[in-house]
Amino acid sequence: MYLEQINAPSDVRRFNSEQLCALADEMRTAMLNRLSKRGGHFGPNFGMVEATIALHYVFDSPQDKIVFDVSHQVYCHKLLTGRQAAFTDDERFGEASGYSNPDESEHDFFKIGHTSTSVSLACGLAKARDLKGESGNVIAVIGDGSLSGGEALEGLDFAAELGGNLIIVVNDNDMSIAENHGGLYDNLRRLRQSGGKCEQNLFRAMGLDYTFVPDGNDIGALIDAFTAVRGCERPTVVHICTEKGRGYAPAVADKENWHWSGPFDVQSGQPLCDGGDNYHDLTGRLLRGLMADDGSVVAITSGTPAVMGFSADMRAAAGRQFVDVGIAEEHAVALASGIATGGGKPFYGVYSSFIQRTYDQLSQDVCINGSPVTIAVFAASVYGMSDITHLGIFDIPLISNIPNMVYLAPTCREEYEAMVRWSMNQTDYPVAIRVPGDGVNSNRSMPIADYGRLNRSTVTHRGNGVAVIAVGSFYSLGEAALERLRGEGIDATLINPVYLTGLDTELLDSLTDDHRVVVTLEDGILDGGFGQKVAAYYGDSGMKVLCRGLKKEFIDRYDVDEILRQNGLTAEQIAADAIKAL
């Protein structure tokens, strides 16, 4: 086993070409062990094995600094930087995250989980090196899909002006998560077809030197290319062509669905668990029906069509009513505003973690202009993604405090579908919908409101003494807390607030007649959130307000039940706190 002999990345230099190829096979076997049992980013990592070996063969990490864009290909790097056990030993999977992390190794420089950032970060490292009079290579690794992001283009544009040593490795596998979209990909295709010699060259046009490697899975060719640019005195692009999913036939055959995978059977490639009904597929079916009835409906994604259930077949069937802007969330929001202003009906589906990148567009392009767009915010929940770079718990303060925005929090499937239909057929407001994060729950008894009458909450049970206002995914937690209180002889009120961007002040005023305590429950951070709006409204009145949500902090790969307990968000804790307040 060659992998076992690597204690530092420089150890790869002891191997000859045949041994390096064997090492590549061992690395894929190790990743297959972890990914089949734990899940993670499959295709990008399997395609970057040889390139990562060559990088560490030529460069001297950490003196030479390698920055991996979005971290989707960083498993290979971790295998060569002392973290093999996190892939080969099932008991130690938790020792390495799925993303680069300087807390794990001196060979990582940033915690990175969002795309299109590596060139800018590497420019900063190179600038700091030059200011301090130090030496060493700085290498940014970026996939072709990430080039569609605005920050990547900004970084490339700046790089030539930076001057000095900077090496940008463009990993071109002719894929984003799904297929690439955007005009620059025609140029990448021409470069691939011409062996890097076509007259039009995006990178040279930006003032960068350029080297082309047609087979980015050929270790020898990669070593030669990296050796030639090591110590370069001008920013240089090394354009390598790799195969996404290389080494595992199912991943090569279906590159889109194997970009990321859950646990699976190695022999068949079949997932080990059935995900059941989910809001992604539900949204796709709902939008398909809306599109069939109205040709002005258009679904927009920024590189993640699966977030709203659009398979390749569905995308083809939708035709011009489906738009993938590539990994460019800012453009997606501004585009939606333009479509709405022009009389179209845009629906933008996006993960909560990624909507953070669009604050300016939400404020300036959408809300100031009152554009009637619909934005579905997925994985906005403590139950969503748990990696520190992909947390979905910060959206309520971000979105709900922008003037003119209507942010809705459905508690069940029926509410979600009704909210989407209403939003897509109204022309008065920008609307965001916080897709429930606790699975698809059906509640046919939940009243469907007239959402055009803003800030009207739904009282689902009227009691006295204690009122529990439970937001979205935490509505079921509110129900459980009511049961606990009922067991203590307290018939509490349960409220579904529906809206996150405003308060039902008439209802809040009415509670003062026969309630002494209001408890707010929200599936996100407390600071700047919904509960604090309620507390501020009651101010110095006699009403006691207990705001329950998540502490403002970055948490990583957490246990949901433990986080809920730490934040007082179990039914038992909520009931006990309410009784104490009484």
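## Strand pairing and the model

Two strands count as paired if DSSP finds at least two bridges between them, and strands (E, at least two residues) and helices (H or I, at least four) are DSSP runs numbered from the N terminus. This is a predicted model, in which local features need pLDDT of at least 70, side-chain atom pairs count only at pLDDT 80 or more, and totals for chains, interfaces and linings use all residues. Residues are numbered from 1 along each chain as its sequence is written, and side-chain values use heavy atoms, with hydrogens and water left out.

## The parallel sheet

Strand β8 (residues 297-301) pairs with β9 in the parallel sense over three bridges, and threonine 301 stands opposite aspartate 324 in β9. Both strands belong to an open, parallel sheet of six strands in the order β9-β8-β10-β11-β13-β12. Because β9 (322-324) and β12 (406-408) are the edge strands, each with a single partner, one side of each is left without a neighbour in the sheet.

## A helix across the sheet

Helix α14 (residues 329-341) lies across β8, β9 and β10 (345-351), running at about 160° to β10; axes here are lines fitted to C-alpha atoms, for helices over the stretch in contact (heavy atoms within 4.5 Å), and angles run from 0 to 180 degrees between N-to-C directions.

## Second largest pocket

The lining of the second largest pocket includes Lys111, His114, Arg357 and Phe554; a pocket is an open set of points on a 1 Å grid over the protein atoms alone, with protein on both sides within 12 Å along at least five of seven lines, and lining residues have an atom within 4 Å of a point.

Methods: On a 1 Å grid over the protein atoms alone, a cavity is a set of points where a 1.4 Å probe fits but cannot get out, and a pocket is an open set with protein on both sides within 12 Å along at least five of seven lines; lining residues have an atom within 4 Å of a point.
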